[in-house]
Amino acid sequence: MYFPFLDEAPEFRRDVLDGLRQPLESGEVVIARADRHVRLPARFQLVLAANPCPCGSAGGQCVCPPFRRNGYLGRLSGPLLDRVDLKLAVSAVTRGDLALPPGEPTAVVSARVALARQRQQERWHELPYRLNSQVPGALLREAPWRPAARERRPLELAMDRGALTLRGLDRALRVAWTLADLRGASRPGLDDVTLALDLRTPTGVRVA
């Protein structure tokens, strides 16, 4: 699998960015011509990065007029962001951050991810899937994989408010299962579902 990283993603044309929507959904690129259709494999994990505005400054230091900020972030369309499972708002580094101890070593994180992937392969070995990301959302919404009513409640409330689409719900369920795998649980709990939902719409991320 490829991991393309689009730094300064809003600097790309909106039509170019929206062209990624179908491959993100289906894992393939379809080229249509008058006499034929060609399907090419295109399964990848997309990483996007963006400043809060064109000048790259945050807070009171920004010199961009509102229309420029709106046009800049508006290139990241709602349908595209709906296909992005994790959205993180990252604050600027401060002097205090420099004094913090280092995070977990890469080897420790890698081992935890490998165990999570192993749990997923064991879970889906009787079905034609290997990872949570490959499982259709419709399957995760049915027994025996559907979370209990208490765990589903945050997702249902978000859908009722219009803050979550059906596609977003399915993707949040996949993330919740992965969070459970990372902590060694057999099923997602309320905390996993809530965190998966929070990671779709964190404070500071604007959906056009």
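Author: Buried means under 20% relative accessible area, exposed over 50%, and partly exposed in between, using a 1.4 Å probe and protein chains only. The model is predicted, so local features need pLDDT of at least 70 and side-chain atom pairs count only at pLDDT 80 or more, while totals for chains, interfaces and linings use all residues. Residues are numbered from 1 along each chain as its sequence is written, and side-chain values use heavy atoms, with hydrogens and water left out.

Reader: Why is R13 called exposed?

Author: R13 has a relative accessible area of 56%. Exposed begins over 50%, so R13 is exposed.

Reader: What makes the contact of D15 with R13 a salt bridge?

Author: A salt bridge is a side-chain nitrogen of Lys or Arg within 4 Å of a carboxyl oxygen of Asp or Glu. The closest N and O atoms of D15 and R13 are 3.0 Å apart, so the pair meets that definition. D15 itself is partly exposed, with a relative accessible area of 48%.

Reader: Why is E151 called buried, and what is R150 called?

Author: The relative accessible area of E151 is 13%. Buried means under 20%, so E151 is buried. R150 has 57% relative accessibility and therefore counts as exposed. The two side chains meet in a salt bridge at 3.6 Å, N to O.

Reader: How do you know that D192 forms a salt bridge with R183?

Author: Their closest N and O atoms are 2.7 Å apart, and the definition asks for within 4 Å. D192 is buried, with a relative accessible area of 5%, whereas R183 is exposed at 51%. Elsewhere, salt bridges that share partners join E25, D82, R83, D85, R167, R171 and R200 into one network.

Reader: How many salt bridges does a search of the whole structure find?

Author: The search finds 18 salt bridges. In general, side chains of opposite charge can pair when their charged atoms come close.

Reader: Why is C53 in no disulfide?

Author: A disulfide is a pair of cysteine sulfur atoms within 2.5 Å. A search of the whole structure finds zero disulfides. For C53, the nearest cysteine sulfur is that of C55, 3.4 Å away. C55 is in no disulfide either, with the sulfur of C53 as its nearest cysteine sulfur.
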